[in-house]
Amino acid sequence: MAQHKLNANSSRSHAIFTIHLEMRSRVESTEKIVYSKINLVDLAGSERTKKTGSEGITMIEANYINKSLSFLEQVVVALSEKSRDHVPYRQSKLTYLLKDSIGGNSKTIMIANVWPEPSYLEETISTLKFASRMMKVSNEATVNIHLDPQVLLKKYEKEIKELKQELAMHDTLASRGRINYEPYTPDEQYRQQVLAQKFLDQEIEDIDIESLR
């Protein structure tokens, strides 16, 4: 916190408050998770040192604030121009943190605060120009769905168990002997390979198939 001619309680920084949300169904057990992120951003206003009368540390902080806002404006300009392939998100921490909120998979709302007094006309025009550039940035918001691997694994295990029960019931109704549907062990795989090689070498004429696994 610091004080200058235009603000008695200036925070001297930008503020970003991020909320992460996850939504799961309470009715049915599903592996789908809908997640989202909300960024609440309070940008420090650009400061003209001649008007603020900043000196020393306050002057250095004002330079950092103006520099970060300049980088943010460059990102906004790049996004508003469809012909631009590169967007300089990595120029500052501010633009990198807001990468998802500007031009990404999101819905963005900007509130521009301006002063109607004639003495702040330059700041008002600058803010309105930035807001007009933000209006040209287009976002494509889609639902973020994530699959929980643990729930998905349990679902597959349950399906496999039910399929094995159906196969066992089918074998019983078809008057077939009990067939093992479990995968071959390494020793069983080796024996099958030896048996198949003997058949290919014409050492044996037939291969008795007990079950298909």
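The chain contains 6 helices and 5 strands, where helices (H or I, at least four residues) and strands (E, at least two) are DSSP runs numbered from the N terminus. This is a predicted model, in which local features need pLDDT of at least 70, side-chain atom pairs count only at pLDDT 80 or more, and totals for chains, interfaces and linings use all residues. Residues are numbered from 1 along each chain as its sequence is written, and side-chain values use heavy atoms, with hydrogens and water left out.

**Whole chain.** Display the chain from its N terminus: the elements follow the order β-β-β-β-α-α-α-α-β-α-α. Of its 213 residues, 21% count as buried, that is, under 20% relative accessible area with a 1.4 Å probe and protein chains only. Among contacts (heavy atoms within 4.5 Å) between residues at least 6 apart in sequence, 56% join residues at least 24 apart.

Next, select residues 15-23, 32-42 and 145-147, which are strands S3, S4 and S5. They form an open sheet in the order S3-S4-S5 with antiparallel pairing; two strands pair if DSSP finds at least two bridges between them. S3 and S5 stand at the edges with a single partner strand each, so one side of each has no neighbour in the sheet. From one strand to the next, the twist averages 30°. S3 and S4 pair over 9 bridges. To view one of these positions, select Leu21, whose bridge partner in S4 is Ser36.

**The loop between S3 and S4.** Select Thr30, which lies in this loop. Leaving aside residues up to four places away in sequence, Thr30 touches Ser25 and Val151.

**Helices H2 and H4.** Now select residues 57-80 (H2) and 121-135 (H4), whose axes come within 8 Å and cross at roughly 40°. Axes are lines fitted to C-alpha atoms, for helices over the stretch in contact, and angles run from 0 to 180 degrees between N-to-C directions. H2 and H4 are therefore oblique to each other, since angles under 35 degrees count as roughly parallel, over 145 as roughly antiparallel, 65 to 115 as roughly perpendicular and the rest as oblique.

Show the side chains where the helices meet: Leu72, Glu73, Val76, Val77 and Ser80 in H2 contact Phe130, Arg133 and Met134 in H4. These residues divide into 5 nonpolar, 1 polar and 2 charged.

Notes
Ala, Val, Leu, Ile, Met, Phe, Trp, Tyr, Cys and Pro count as nonpolar, Asp, Glu, Lys and Arg as charged, and the others, Gly among them, as polar. Buried means under 20% relative accessible area, exposed over 50%, partly exposed in between (1.4 Å probe, protein chains only).
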